[in-house]
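Keep the sequence beside you as you read.

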Amino acid sequence: MIRLLAPNVYNKIAAGEVVDRPYSVVKELVENAVDAGATQITVEIEQGGKKRIRVSDNGSGIAKEDLPLAYSAHATSKLETADDLFHIQTLGFRGEAIASVASVSRMEILSRTAGGEAFSLACTGGLLGEVTPAAGADGTVVTVEDLFFNVPARLKFLKSDTAEEADISGVMARFLLSRPEISFTYIADGKTKYRSFGDGLSAALVAVYGAETLKNCIRIDAEKHGLHLYGFLGNRNFYKANRTYQSLFVNGRYVVNQTVGAAVTNAYASYLMKRQYPFYVLFLDLPPEVVDVNVHPNKADVRFADNQVVYGCVYSVVSSVLDGSLRALEYLVTPPQEQKTPVQDSFLQPPVPEAPPQEPAMSYAQAKRELAFDVSLPKGNEPHFLEEDRVRMEVRQPSVAQSEQTVLPPAGEDVFAENQRLLRERAAKVRQDRVDPASLEYKGELFHTYLIYQAGDDAYFIDQHAAHERILFERLKASWEARTATSQPMLVPFVISLNAQEFAFLEKNFPVLREIGFEIEEFGDASVRVSSVPTDLMGIDLDAFFREILSSMESLRAIRLTDLLKDKLATAACKAAVKGGDRLTEQEVDSLIRQMDGDTNMKCPHGRPAVVKMKKSEFEKLFKRIV
Ligand code: ADP
Ligand code: MG
């Protein structure tokens, strides 16, 4: 049943997308067919969709009395109350598409519900006709002719027929791939372009790209850290001249996303040259609450709660498959056939005939800790969460940990509203836990390590070491990001001797180290010499710093992203720069507390808390003053 949405409901829905091009009409109409449960969908277009677009389906159909409502703005059968917004299962829910297309075209809907009679209703430039009996099969046929016939200004912005058709083909390709269980027929100017039979992903891939492409693809299916990544990767010798052969579906929706795009591209980097682009059709399913799928419906992008986890997982799966490492055996669905290049042969005959090394199963939350080095956000493609949420990235951690216990709603739901709510709650908690630094009264220190403060009925114990590390960490990162790092020459250069691997690793990362203010160079015999250090790190224990870096060489090698490396460097640097048990001067204590800015949720860059709060009543309980 189609109902008009109450104003208080549609006001909560993100502003609808404007239907501005033939491909967006096709997208809306096919989505409606999918939502109607169709198993067969036929799309016919003429002149790039400008002359005619017709979408026929064998779905539920529209009842006679609902036909006029289908054309009304804010009328939908997919949503009733604002609460429904939290668990949307359908592609559409705004109830706007048909109304807006009908206002700028000649549209006709012909429909028959199962076992009923067929009726049709036309609408010309927004003027509704009469419901009339018609002849038709179960399902719905929607025809849109002369798009923008009454809006010449919009008509002018359309591209050539060929270009519009190409965009429609792109939309159709993605429908075939993302709904391999549906049988699609796509016909342009009388010619069948795509035809699929609802018989699975490989067949859909062949329907869109041809059998030759399938032969050149590696099919993967990987579960890693709570993320599910599956689909097709072009082999190392199969590349394209542009990015249009790259499709990513996150929780079932086609998106263009920088984080995943960069991870895949970087994994291919050592195999492809400039201007050679990998081919892939990838599906990434992840817990709905760590991704906002519906933030910009128009732009079809998503935001991940943590880019590094996603980047790390995608990168490591794709690169181990391409590198032909033993671990890849876990990810391969079918070893590629008819391939002669060495690396592909290695899939068929693994170098060592034993089981691939078992990677310890890791939850998303654990992975986040492992991969993200406690601090989130590589720059450049950070998700645009609420501003308050950027204040302390650590606050996300508890919620991710909670997500392990929470029963997750099925993937693919609209989580926008839900995520916004979570973020607001978290931001509110940060505000709530913040104390006014002016109200903190210094009461002394314990063991040269813990500073004691009182504010009203609360006592705060601050681990000066942890707090200092965090503050230094933030400062380093900020100056590195702003590229304002300065360096300070050392009186006595520091020389460290390494083994060949260590040297190779460090040398490869000289540019990063230099960028952040180290003056470092080869010093013969696999040793390096450091002659300047970043000003912020004056007095750093260089030996400890390099030992720390080299001890995590293995994991760092896997992460070639400069920003991730910088995070790790900063963490190591802070550890080496601040020593526990250092006695602070009164001035230093003072400045530390000012820099903390009352943040009682502060954690050190390794995730340990910097502040512990105890209420007066807790002391009273300890001393049995109250029970
Ligand atoms: P929405 O999809 O957001 O609900 P639309 O304007 O796209 O809004 O469609 C309005 C309503 O018309 C839908 O809610 C649905 O009930 C009905 N409808 C549209 N297309 C079809 C179809 N192909 N089969 C069955 N019902 C349809
Ligand atoms: Mg719709």
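**A guided walk through the model**

K615 has a relative accessible area of 39%, so it counts as partly exposed. The model in which we find this residue is a predicted one, and every value below should be read with that in mind. The side chain of K615 meets that of D458 in a salt bridge, with 3.9 Å from N to O. Because K615 lies in strand 28 and D458 in strand 24, this pair ties together parts that are 157 residues apart in sequence. D458, for its part, is buried, since its relative accessible area is 17% and the limit for a buried residue is under 20%. As a general point, side chains of opposite charge can pair when their charged atoms come close.

How many salt bridges does a search of the whole structure find? The search finds 17, and a second one to look at joins the side chains of D138 and R112, with 2.7 Å from N to O. This pair also links distant parts of the chain, for D138 sits in the loop between strand 8 and strand 9 (139-145), while R112 belongs to strand 5 (residues 106-112), 26 residues apart. D138 counts as partly exposed at 32% relative accessibility, and R112 counts as partly exposed at 26%.

An α-helix has 3.6 residues a turn, so residues three or four places apart point the same way. R547 is exposed, with a relative accessible area of 52%, whereas D543 is partly exposed, with 33%. Elsewhere, R21, K159, E164 and D167 are linked in a network of salt bridges.

Which residues of helix 22 (residues 586-596) are buried? They are V589, L592, I593 and M596. Seen down the axis of helix 22, these buried residues fall within an arc of 90°, so they line one face of the helix. On the other side of helix 22, Q587 and R594 are exposed. The buried residues pack against strand 22 (441-446), strand 23 (450-455), strand 24 (458-463), helix 16 (464-481) and strand 28 (611-615). Just after helix 22, D597 takes a positive phi of about 55°.

At 65% relative accessibility, F447 counts as exposed, and together with L446 and Y450 it forms a nonpolar patch on the surface, with about 310 Å² of accessible area for the three residues together.

Helix 2 (residues 22-35) gives another picture. Its 14 residues reach 20 Å from the first C-alpha to the last, close to the 20 Å expected at 1.5 Å a residue. Because 11 of those 14 residues are buried, helix 2 is largely enclosed by the rest of the structure. Among its buried residues are V25, V26, L29 and V30, and also E28, E31 and D35. Just after helix 2, G37 takes a positive phi of about 80°.

T185, in strand 10 (residues 183-188), is buried, with a relative accessible area of 12%. Leaving aside neighbours within four places in sequence, T185 is in contact with I41, T42, V43, T192, Y194 and R195. E130, by contrast, is found in the loop between strand 7 (127-128) and strand 8 (132-133), and at 65% relative accessibility E130 counts as exposed. Not counting residues up to four places away in sequence, E130 touches S120 and L121.

Finally, consider the chain as a whole. Its secondary structure comes to 23 helices and 28 strands, and of its 627 residues, 48% count as buried. Of the contacts in the chain with a separation of 6 or more, 70% are between residues 24 or more positions apart. The chain exposes about 29400 Å², and carbon and sulfur atoms supply 53% of that area.

How values were computed. Residues numbered from 1 in each chain as written. Chains lettered and ligands numbered in written order. Heavy atoms only, no water. Buried < 20%, exposed > 50% of the residue type's maximum accessible area, 1.4 Å probe, protein only. Helix = DSSP H or I, 4+ residues; strand = E, 2+ residues; numbered from the N terminus. Arc of directions from axis to C-beta. Contact = heavy atoms within 4.5 Å. Expected span 1.5 Å × (residues − 1). Patch = residues over 30% accessible without salt bridge, like charges linked within 9 Å, V, L, I, M, F, W, Y side chains within 5 Å. Areas by Shrake-Rupley, 256 points an atom, 1.4 Å probe, with all protein chains shown as cover. Salt bridge = Lys/Arg side-chain N within 4 Å of Asp/Glu carboxyl O.
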